[in-house]
Amino acid sequence: MDPFTASSLKARKKNTIKDFVSVASVLHVSHMCIFTKTELGMYLKLSRLPRGPTLTFKIHNFSLARDVVSMLKKQLVYEEAFKTFPLVVLNNFSGEGMHLKLIATTFQNMFPTINLTTVNLSTIRRCVCLNYNTISKTIDFRHYVIKVVPVGLSRGVKKLVQAKIPDLSRCQDISDFLTKSTMSESEAEDDEVSHVKLSQDLSSRGNHANSTSAIKLFELGPKITLQLIKIENGLLDGEILFHELIHKTDEEKLAIKKRREKKRKLKEKRKKIQEDNKKKKEEQKQEHKEKSLKGIQKKRESEMLLEKIAKESTENNEVEDDDAQHYRDEVGEEPDEDLFKTKVGTKRIRKHAMRYKPKKLKIDKS
């Protein structure tokens, strides 16, 4: 799938399908491949994000990419091939049944579309081949790297054209090397079926427009054999549009549809109740917060009032001391105790009075 794949996405054990669906639009992910394993076998689920449909395939056999490459006699794996998207080749998907069309459409939409009039042939370096077997109802998935070599050149000339340094140790002259009767690798191994006439120049040496070249495929892997089991309308859920093993009547389908609709309505009702409860809790929390703020504000106001009273009493005491000293300096005698004392207001006296009044004494009349 390179380079259009979220290969750097790190998944955790706590992640669920909802987590991946929520970030799919941000990462521009259109499809999700899920591999599962049960006691009956391994399965592959292809889901179109974010609302489906979902195709479930059973994996009959597979080979990993590293195993495929290690078994090849001649390997051709290079990093430049994975910088552009591959070409998708679908074979034998034109049979009867809407499920075949849906499979073909799903695999086509997993890769970018190619405009045949403006495409640069040098960017097509890989291909993904999908072949449908009508007898076994299985799909063969193969992955190849494409190599284009010129045709009609001897081995020596081809080496010179491709800018390779030839070995001239066994030749008396350069003409001996160029006039060897040995056929080129493309002519010796490939037949005319693989020969094509190029419509434009390629980046590889020796392949020019209007010249004949041979296309060679080197397998990269993985190799997978799949069989479609079912198709669901939604994302891993919903109405079953196709099932290979189970066939239901119209009455059973209608009953399942009613049951699913009832379950959906119950889920929506529970969700609404949860939202209402959450809203009530938030309102209660806001009211409690407002009450707490009012209490704190009232406490601050009382503290400020006490500070003001204490400040006024201190100022009054200072004024009294200044008046008494002035009287001593002018008259030369000590003033009376009640001469310069200020009268405290009744409200202030009541405020600092005792909170509880003493109980009246009961007189025993007997």
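Predicted model: local features only at pLDDT ≥ 70, side-chain atom pairs only at ≥ 80, totals over all residues.
An α-helix has 3.6 residues a turn, so residues three or four places apart point the same way.

Taken together, Glu261, Arg264 and Glu268 are linked in a network of salt bridges. Arginine 264 is partly exposed, with a relative accessible area of 38%, while glutamate 261 counts as partly exposed at 32% and glutamate 268 counts as partly exposed at 44%.

## Another salt bridge

A search of the whole structure finds five salt bridges, and one of them joins glutamate 80 to lysine 83, the closest N and O atoms being 3.2 Å apart. Glutamate 80 is partly exposed, with a relative accessible area of 41%.

## Aromatic pairs

In one of them, the rings of phenylalanine 4 and phenylalanine 85 have centres 6.1 Å apart and planes at 50°, so the pair is tilted. Phenylalanine 4 lies in the segment before α1, and phenylalanine 85 is in the loop between α2 (65-71) and β4 (87-91), so the pair ties together parts that are 81 residues apart in sequence. Phenylalanine 4 is exposed, with a relative accessible area of 56%, whereas phenylalanine 85 is partly exposed, at 24%.

Phenylalanine 57 and phenylalanine 107 form an aromatic pair that is also tilted, with 6.1 Å from centre to centre and 45° between the planes. This pair links distant parts of the chain, since phenylalanine 57 belongs to strand β3 (residues 54-63) and phenylalanine 107 to helix α3, 50 residues apart. Both phenylalanine 57 and phenylalanine 107 are buried.

## Helix α3 and its two sides

Helix α3, made of the 12 residues 98-109, reaches 16 Å from its first C-alpha to its last, which is close to the 16 Å expected at 1.5 Å a residue. Its buried residues are His99, Leu100, Ile103, Ala104, Thr106 and Phe107. Seen down the axis of α3, these buried residues fall within an arc of 160°, so they line one face of the helix. The face turned away from this buried side carries the exposed residues Met98 and Lys101.

Leu9, Val23, Val26 and Leu27 make a nonpolar surface patch of about 340 Å². Leucine 27, a member of this patch, is found in helix α1, which covers residues 17-27, and with a relative accessibility of 43% leucine 27 counts as partly exposed.

The peptide bond from leucine 49 to proline 50 is cis, with omega near 5°, and proline 50 has its place in the loop between β2 (42-48) and β3. A cis peptide bond also joins glycine 52 and proline 53, where omega is about 5°. Proline 53, too, has its place in the loop between β2 and β3.

Asparagine 92, which lies in the loop between β4 and α3, has a phi near 70°, a positive value in a residue other than glycine. At 36% relative accessibility, asparagine 92 counts as partly exposed. Lysine 137 has a positive phi of about 60° although it is not a glycine, and this residue is found in the loop between β5 (126-133) and β6. Lysine 137 is partly exposed, with a relative accessible area of 38%.

Aspartate 140 is found in strand β6, which covers residues 138-150, and at 21% relative accessibility aspartate 140 counts as partly exposed. Although aspartate 140 and leucine 130 are 10 residues apart along the chain, their C-alpha atoms are separated by 5.6 Å.

Note on methods
Residues numbered from 1 in each chain as written. Heavy atoms only, no water. Helix = DSSP H or I, 4+ residues; strand = E, 2+ residues; numbered from the N terminus. Expected span 1.5 Å × (residues − 1). Buried < 20%, exposed > 50% of the residue type's maximum accessible area, 1.4 Å probe, protein only. Arc of directions from axis to C-beta. Patch = residues over 30% accessible without salt bridge, like charges linked within 9 Å, V, L, I, M, F, W, Y side chains within 5 Å. Areas by Shrake-Rupley, 256 points an atom, 1.4 Å probe, with all protein chains shown as cover. Salt bridge = Lys/Arg side-chain N within 4 Å of Asp/Glu carboxyl O. Phe/Tyr/Trp six-rings, centres within 6.5 Å; stacked < 30°, edge-to-face > 60°.
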